[in-house]
Amino acid sequence: MSDPVGGRRYVAALAPLAASAIWGGMYVVSKWGFDLIPPLTLGFLRVVVGAVALYAVVHARGVTVDRADYRGFAVLGGWVAVTIASQFLGTELTNASQGSLLTVLTPVFTVVLGAAVLGEEVTRRSAGGMALAAAGTLLVLAGQYDLTRLGGASAAGVGALVLASLAWAGYTVWGVPLVRKYSALTAATYSCLASLPVLAVLSAAELAVRSPPLAAMASPGALLAVAYLGLGSTAAAWYLWYKGLETVSAGTVAAFFFAQPLVGAALGAALLGEAIGPWFVVGGATMAAGIWLVSTAADGI
């Protein structure tokens, strides 16, 4: 007899994989968008577009949240604001190889916080799977970049990306109770909305200091970048990321984050003609094996 609960868990586990696939092209679009819009302002506009899209769906469904949970959503909004601000500043100050390498820290932080905050069990199988997935990520990056030339990165940029990794792990772990009380859609929506006041202040300060040309910010290229980041990397991807948390642990969901640089490399090859070698295949297979170990070790899957 089929197991409908197990089937739902498998489907839910694929949602964060889809989110990672969307994020695979985010660094390229972000770096390109910075030529037109300053990073904090681009991050603010991204979340505005995402929040509007998500709230339109929630409002149409007549979803409401309890006043007692406002504080919880405010905390998630804080994690969002820190993630966006540090991620975009860090991306501007580093290169693609450094940014991709530092994404490995996100699932590691998530597993640690999941165990500390939620009491999630870290078994030998899940720990081994995480290590295997991390090794696969490094192999993919070694085939795409010259890892011996990663030096010279801005200390501020690296620090910002490490903070972004920690903040996204916090957003994942602290989001679990609200995701399971309401839904992935509701939690993603109200956390986006809660982050907007902080991001608006940061954007206003940045615009006052930099005074970028408004014509560039309103150009078709800038609008396309905001649309991709807002509708794809925010509204769709954040919903899909939280969708996994409805039925599986934060540590299991985190393992799928390793797929982001793999997808980014594949998109680079498909869209930009970048070469990928045998390490891409070996690393991808190793990463897939690690993710499988984690996803089958946790939650009885």
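**Figure 1. Asp66, Asp69 and Lys181 join up in a salt-bridge network.** This is a predicted model, so local features need pLDDT of at least 70 and side-chain atom pairs count only at pLDDT 80 or more, while totals for chains, interfaces and linings use all residues. Residues are numbered from 1 along each chain as its sequence is written, and side-chain values use heavy atoms, with hydrogens and water left out. A salt bridge here is a side-chain nitrogen of Lys or Arg within 4 Å of a carboxyl oxygen of Asp or Glu. Lys181 pairs with Asp66, with 3.2 Å between the closest N and O atoms. That pair links distant parts of the chain, since Lys181 is in helix α8 and Asp66 is in the loop between α3 and α4 (70-93), 115 residues apart. Lys181 also meets Asp69 in a salt bridge, at 2.7 Å from N to O. Asp69 lies in the loop between α3 and α4 and Lys181 in helix α8, so this pair ties together parts 112 residues apart in sequence. Helices are DSSP runs of H or I with at least four residues, strands are runs of E with at least two, and both are numbered from the N terminus. Asp69 is buried at 13% relative accessible area, whereas Asp66 is partly exposed at 40% and Lys181 is partly exposed at 46%. For those labels, buried means under 20% relative accessible area, exposed means over 50%, and partly exposed is in between (1.4 Å probe, protein chains only).

**Figure 2. Glu246 and Lys243 form a salt bridge.** The closest N and O atoms of Glu246 and Lys243 are 3.0 Å apart. Glu246 is partly exposed, with 26% relative accessible area, and Lys243 is partly exposed too, with 29%. The structure holds 3 salt bridges.

**Figure 3. Glu206 is buried without a salt bridge.** Glu206 sits in helix α9 (residues 184-210). The nearest side chain of opposite charge is Arg210, 4.2 Å away; Lys and Arg count as positive and Asp and Glu as negative, with His and the chain ends not counted. Beyond its neighbours within four places in sequence, Glu206 is in contact (heavy atoms within 4.5 Å) with Pro38, Pro39, Leu40, Thr41 and Ser211.

**Figure 4. Helix α3 runs from residue 39 to 60.** Its 22 residues reach 32 Å from first C-alpha to last, close to the expected 32 Å at 1.5 Å a residue; the expected span is 1.5 Å times one less than the number of residues. Among the buried residues of α3 are Pro39, Leu40 and Thr41, which also turn up as contacts of Glu206. After α3 comes Gly62, with a positive phi near 70°.

**Figure 5. Val75, Val117, Leu118 and Trp174 make a nonpolar surface patch.** The patch covers about 290 Å², with areas from the Shrake-Rupley method with a 1.4 Å probe, where for residues only the protein chains shown count as cover. Patch residues have over 30% relative accessible area and no salt bridge; like charges are joined within 9 Å and nonpolar side chains (Val, Leu, Ile, Met, Phe, Trp, Tyr) within 5 Å. Leu118 is in the loop between α6 (105-117) and α7 (124-144) and is partly exposed at 32% relative accessibility.

**Figure 6. Leu163 sits in helix α8 (residues 155-181).** Leu163 is partly exposed, at 41% relative accessible area. Not counting residues up to four places away in sequence, Leu163 touches Val82 and Ser86.
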